[in-house]
Every structure is written in C-alpha cells, then in structure tokens.
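Here are some questions on one protein model, with worked answers. Keep the sequence and the coordinates open as you read.

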Amino acid sequence: MPLTPSLLNSLQRDFPHITFRESDAFSWSPTEKAVSYSPTDPDADALILHELSHAILGHEEYPKDVALLAMETAAWDHAKGLADTYKVVVEDDTAEANLDTYRDWLHARSTCPACKATGYETTPRTYSCVACSGSWTVNEARLCALRRYKIHPR
Ligand SMILES: [Zn+2]
Ligand SMILES: [Zn+2]
C-alpha cells in the first residue's frame, strides 16, 4: 500500500516541529529534523512511522554496531504503537524483514576475515577475533541505510 494521504496530514499536524519531505527513500535526519519518505513504497505507512519513531526516540549517533540494531528494534516497536494511534497497519513481517537486514549486516561485520570465527567490537568500528587474535575495522553505517542495498531480499 502506498502512503495514506490522511496519515501524512495527521503526522504533519501532530508533529509540527518535524519536516516531512518527499524523497526516493526513507530516512531520518537528526540535524535537519526531517523525515524523508517515498510515497509510492509498498510499505510506506509502516516506514514513515518507523522513521518518525527514530525522531521521537531521539536517535542520532550510535556508539557500537549492536547499538544500531537496538535502535532499529526500538523504532519498530514504537512504530507499532503509532500504527494503533493512527489506525494504520504495520505488519510484523515488515518489521522483521527490515530487522533481518541488520542482523545479517551485524553478522557479516563481526565475522573474522581470516578464520571466520565471530569477533566482538572492542572499540567503535574495530573488531577483534577471540580465535586467532586478528582485528579488523568496518565502515560507519547509518540508521535505516541498509534496506536500500537489499542484503536480504524477500
Ligand atoms: Zn579469526
Ligand atoms: Zn530505522
């Protein structure tokens, strides 16, 4: 379902301090206090509530990768509450499919490139392997940026 026009109107009315702007992807910009949305996305209602939830929860920087997954999970939980308030549907499948992309991403980042054991993030963006003592760095990632890459399409 594309974006419900009355939902957008309600959100603009109820969150006057947040800018809602049409785009080709969904995102939340803490610096601009802006939610970007793609009105034709099949999950548009769910995704705009998810981005708004990042705004309401005050999500900005994340210290470590596991914190990013925690933020994504919290924003989906909050979005389900908003869906009740605004009488739209957020399917559990939509939330789970999006969270799966983060779980896959976290798994890929924490896998030791040398021996394939699972490492842990010792300092932000640096992982260490308990099996072979190797270490590696990863790129910074951004909230909600993963789904564009369709790591785990369904
Ligand atoms: Zn290793
Ligand atoms: Zn998100």
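Q: Which residue of E3 does Glu22 stand opposite?
A: This is a predicted model. In it, E1 and E3 pair in the parallel sense, over four bridges. Across that pairing, the residue of E3 opposite Glu22 is Tyr37.

Q: What is the strand order of the open sheet of three strands?
A: Pairing in this sheet is mixed. The edge strands, each pairing on one side only, are E1 (19–22) and E2. Neighbouring strands are turned by 20 degrees against each other on average, direction ignored. The order is E1-E3-E2.

Q: At about what angle does H2 run to E3?
A: H2 covers residues 44–56. The helix lies across E2 and E3. Its angle to E3 is about 165 degrees.

Q: Is H2 largely enclosed or largely open, and how many of its residues are buried?
A: The buried residues include Leu47, Ile48, Leu49 and Leu52. Asp45, His50 and Glu51 are also among them. They pack against H1 (5–14), E2, E3, H3 and H4. H2 is largely enclosed by the rest of the structure, because the buried residues number eleven of the 13.

Q: What span does H2 reach from its first C-alpha to its last?
A: H2 has 13 residues. At 1.5 Å a residue, 18 Å is expected. The model comes close to that, with a span of 18 Å.

Q: Which residue just after H2 takes a positive phi?
A: H2 ends at residue 56. Just after the helix, phi reaches a positive value of about 70 degrees. The residue is Gly58.

Q: Are H3 and H4 roughly parallel or roughly antiparallel?
A: Their axes come within 10 Å and cross at roughly 175 degrees. An angle over 145 degrees counts as roughly antiparallel. Therefore H3 and H4 are roughly antiparallel.

Q: How many nonpolar residues are in the contact of H3 with H4?
A: On the H3 side, the contact includes Val66, Leu68, Leu69 and Trp76. H4 brings residues including Ala95, Leu99, Tyr102 and Leu106. By class, two residues are polar and four are charged. The nonpolar count is eight.

Q: Why does Lys87 count as exposed?
A: Lys87 lies in the loop between H3 (65–86) and H4 (92–110). Its phi is positive, near 55 degrees. Most residues other than glycine have a negative phi. Lys87 is exposed because the other C-beta atoms within 10 Å number 10.

Q: Is Lys33 buried or exposed?
A: Lys33 sits in the loop between E2 (27–29) and E3 (34–37). Its phi is near 50 degrees, a positive value in a residue other than glycine. Lys33 has 12 C-beta neighbours inside 10 Å, so it counts as exposed.

Q: Which residues make up the covered face of E5?
A: E5 also pairs with E6 (residues 135–137), antiparallel over three bridges. There Thr126 stands opposite Thr137. Thr126 and Ser128 form the uncovered face of E5. The covered face is Tyr127 and Cys129.

Definitions and conventions. Residues are numbered from 1 along each chain as its sequence is written. Chains are lettered from A and ligands numbered from 1 in the order in which they are written. This is a predicted model: local features need pLDDT of at least 70, side-chain atom pairs count only at pLDDT 80 or more; totals for chains, interfaces and linings use all residues. Helices (H or I, at least four residues) and strands (E, at least two) are DSSP runs, numbered from the N terminus. A residue is buried if 20 or more other C-beta atoms lie within 10 Å of its own, exposed if 12 or fewer, and partly exposed in between; C-beta atoms are placed from the backbone. Two strands pair if DSSP finds at least two bridges between them. Axes are lines fitted to C-alpha atoms, for helices over the stretch in contact, and angles run from 0 to 180 degrees between N-to-C directions. Angles under 35 degrees count as roughly parallel, over 145 as roughly antiparallel, 65 to 115 as roughly perpendicular and the rest as oblique. Two residues are in contact if their C-beta atoms, placed from the backbone, lie within 7 Å. Ala, Val, Leu, Ile, Met, Phe, Trp, Tyr, Cys and Pro count as nonpolar, Asp, Glu, Lys and Arg as charged, and the others, Gly among them, as polar. The expected span of a helix is 1.5 Å times one less than its number of residues.
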